[in-house]
Amino acid sequence: MMQVGVGLRSKHYEAALQSASVDFVEVHTENFFADGGVSHVILEMIAENYKLSFHGTSLGLGSLTPPPLAHIQKMRRLIERYSPFLVSDHACFSWSNEAGHTVHAGDLLPIRFDKETLNVMCRNIRRVQDIFGQQLLIENISSYLPISGSVIPETEFFNLLCQS
C-alpha cells in the first residue's frame, strides 16, 4: 500500500492541525531536541492525527568520529516519546575530532564510496540501531562531483551496506 507523507515545517503546523489529507508527516528530529516547549505541544497534537516518520539530519553515519552518545540519546528519547513508524538519517559525514573535541560540520558532507567508509557506516549504524532498538533507514545525499578515493559505485556501496 502506497502512503503519502509531507515534511513537517513550522509553516505547516496549522494545516497539519486542521487535518490535511496525508498519511504521515516527516519530522526533522533535531527541531525537537529541546525537552519541553510549545513545539512538543504542537507535535503531540499532530501525532494524534498522523503517523510520524522521524528524519535526522545530523548523525553523520559515515563519519570516522562516531556520533556522540548524547546526540543519539536525544533522538532515542524522541523515538520513545512519539513511537514513529519510520526513523531515518543520511549517509554522510558530519562529525570529526578537533583538538580532542568532537565537532559537527553543520552540513551533510559526501562520503567516499570505499571499503573503509563502508565499515565505518556499518559500525555507526549498528551502534545507533542498538541504542534506538529499531531499524534505521538510510538516505543518500546528492553529490555533484565525484569524491576522490571512491572505488565502489554508489549503488553497489548501498547494496553492500544493506547486506552487512
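Ser63 is buried, with a relative accessible area of 1% (buried means under 20%, exposed over 50%, partly exposed in between, with a 1.4 Å probe and protein chains only). Ser63 sits in the loop between strand 3 and helix 3; helices (H or I, at least four residues) and strands (E, at least two) are DSSP runs numbered from the N terminus. This is a predicted model, in which local features need pLDDT of at least 70, side-chain atom pairs count only at pLDDT 80 or more, and totals for chains, interfaces and linings use all residues. Residues are numbered from 1 along each chain as its sequence is written, and side-chain values use heavy atoms, with hydrogens and water left out.

**Contact of Ser63**
- A polar atom of the Ser63 side chain lies 2.8 Å from the backbone nitrogen of Ser94.

**Strand 4 and its partners**
- In strand 4 (residues 86–90), 4 of the 5 residues are buried.
- Strand 4 pairs with strand 3 (residues 51–55) in the parallel sense over 3 bridges; two strands pair if DSSP finds at least two bridges between them.
- Opposite Ser88 of strand 4 stands His55.
- Strand 4 also runs parallel to strand 7 (residues 137–139), joined by 3 bridges.
- Asp89 has Ile138 in strand 7 as its bridge partner.

**Surface around Val38**
- Val38 belongs to helix 2 (residues 38–47).
- Val38 is exposed, with a relative accessible area of 60%.

Technical notes. Polar contact = N/O pair within 3.5 Å; in protein donor to acceptor, adjacent residues only side chain to side chain.
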